[in-house]
Amino acid sequence: MLKVLTIIPTIKEEIEVDQYIPIKIRWVQHDASVEELIYWRTGDIKKSMLEIGISAVSGEIRSLTIVSADKISFVSEKFPECDAFESGTPVFDINNWIGKRTVDDAGLFDVQYFNEKLNMIISENHVIKKVISGRVSFGLDANMGICTISVNNLSDDEKFQIKDTLEYIIKTKMI
């Protein structure tokens with residue numbers, strides 16, 4: 001499980017949506033072109049995968065991409081609400097990842113799009129706190145593990161494109 005080590009001041013995110021990738025988010029505070037990244041991935045890694053790019057030096061989040069999704073829903077089935085929150089950007093615990101370029105942590109990965117909000121469920125643990133980084137919020141469990149990730153305050157264009165892309169993914173899997 002991906003665990004948060006600490007929270008730093010909010011780094012502005014850039015959200016990108018297109019017709020093939022439902023969402024890609026980047027957190028870039030400086031010239032990250034020379035920065036080495038580690039990629040943490042979850043899902044079944046074949047039909048569904050969420051990939052998070054993390055600075056190999058600081059542990060700061062740099063990117064989040066829904067690579068593929070097998071379980072997509074347009075209703076809320078199990079998305080937990082939580083009132084405790086903190087503003088900032090998560091820094092992940094990468095102490096045991098020395099020398100690794102990718103860490104595959106096969107597990108739950110569900111995508112829900114409802115009430116014009118994109119939710120990613122990666123753990124069924126109870127969310128006790130949210131870390132709000134701009135338009136992205138991370139739901140944390142009692143051990144500071146990431147359980148949920150939500151993208152809020154989507155523009156009309158983003159709402160349309162995300163819904164269209166998710167519907168396309170569902171349709172092409174049925175063929």
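This is a predicted model: local features need pLDDT of at least 70, side-chain atom pairs count only at pLDDT 80 or more; totals for chains, interfaces and linings use all residues.

Mentor: Residues are numbered from 1 along each chain as its sequence is written, and side-chain values use heavy atoms, with hydrogens and water left out.

Trainee: How many helices and strands does the protein chain have?

Mentor: Helices (H or I, at least four residues) and strands (E, at least two) are DSSP runs, numbered from the N terminus. By that count the protein chain has 1 helix and 15 strands.

Trainee: What is the radius of gyration of the protein chain, and what does a compact globule of 175 residues lead us to expect?

Mentor: The radius is taken over C-alpha atoms, and the globule rule is 2.2 Å times the number of residues to the power 0.38. The C-alpha atoms fill a box of roughly 40 × 35 × 30 Å along the principal axes. For 175 residues the rule gives a value near 16 Å, which agrees with the chain's own 15 Å.

Trainee: What share of the 175 residues counts as buried?

Mentor: Buried means under 20% relative accessible area, exposed over 50%, and partly exposed in between (1.4 Å probe, protein chains only). With that cut-off, the buried share of the 175 residues is 50%.

Trainee: What share of the contacts with a separation of 6 or more joins residues 24 or more positions apart?

Mentor: Contact means heavy atoms within 4.5 Å. Among contacts with a separation of 6 or more, the share from residues 24 or more positions apart is 66%.

Trainee: In what order do the strands of the open sheet lie?

Mentor: Two strands pair if DSSP finds at least two bridges between them. The open sheet has 6 strands with mixed pairing, in the order S2-S3-S6-S5-S4-S10.

Trainee: Which strand pairs with S5 over 7 bridges?

Mentor: S5 spans residues 49–55. In one of its pairings, isoleucine 54 is the bridge partner of isoleucine 38. The two strands form a hairpin with 5 residues between them, and isoleucine 45 in the turn has a positive phi of about 70°. The antiparallel partner over 7 bridges is S4 (residues 37–43).

Trainee: Which strand pairs with S5 over 6 bridges?

Mentor: Glutamate 51 has threonine 65 as its bridge partner, and isoleucine 54 has isoleucine 61. This hairpin also has a turn residue with positive phi: glycine 59, at about 85°. The antiparallel partner over 6 bridges is S6 (residues 61–68).

Trainee: How many residues of S5 are buried?

Mentor: In a regular strand the side chains alternate between the two faces of the sheet. In S5 one side holds Met49, Glu51, Gly53 and Ser55, the other Leu50, Ile52 and Ile54, and both faces are covered. The buried count is 7 of 7.

Trainee: Which side chain makes a polar contact with the side chain of serine 55?

Mentor: Serine 55 is found in S5 and counts as buried because its relative accessibility is 0%. Its contacts beyond four places in sequence are Glu35, Glu36, Leu37, Glu60, Arg62 and Ile94. A polar contact is a pair of N or O atoms within 3.5 Å; within protein, one must be able to donate a hydrogen and the other to accept it, and residues adjacent in sequence count only if both atoms are side-chain atoms. At 2.8 Å, the partner is glutamate 35.

Trainee: Is serine 68 buried or exposed?

Mentor: Serine 68 lies in S6. Its side chain reaches the backbone oxygen of lysine 47 at 3.3 Å, and its contacts beyond four places in sequence include Met49 and Phe109. With 19% relative accessibility, serine 68 counts as buried.

Trainee: Which strands pair with S14?

Mentor: All 5 residues of S14 (residues 136–140) are buried, so the strand is largely enclosed by the rest of the structure. Lysine 129 stands opposite leucine 140, while valine 136 stands opposite valine 151. S14 pairs in the antiparallel sense over 5 bridges with S13 (residues 129–133), and also over 5 bridges with S15 (residues 146–151).
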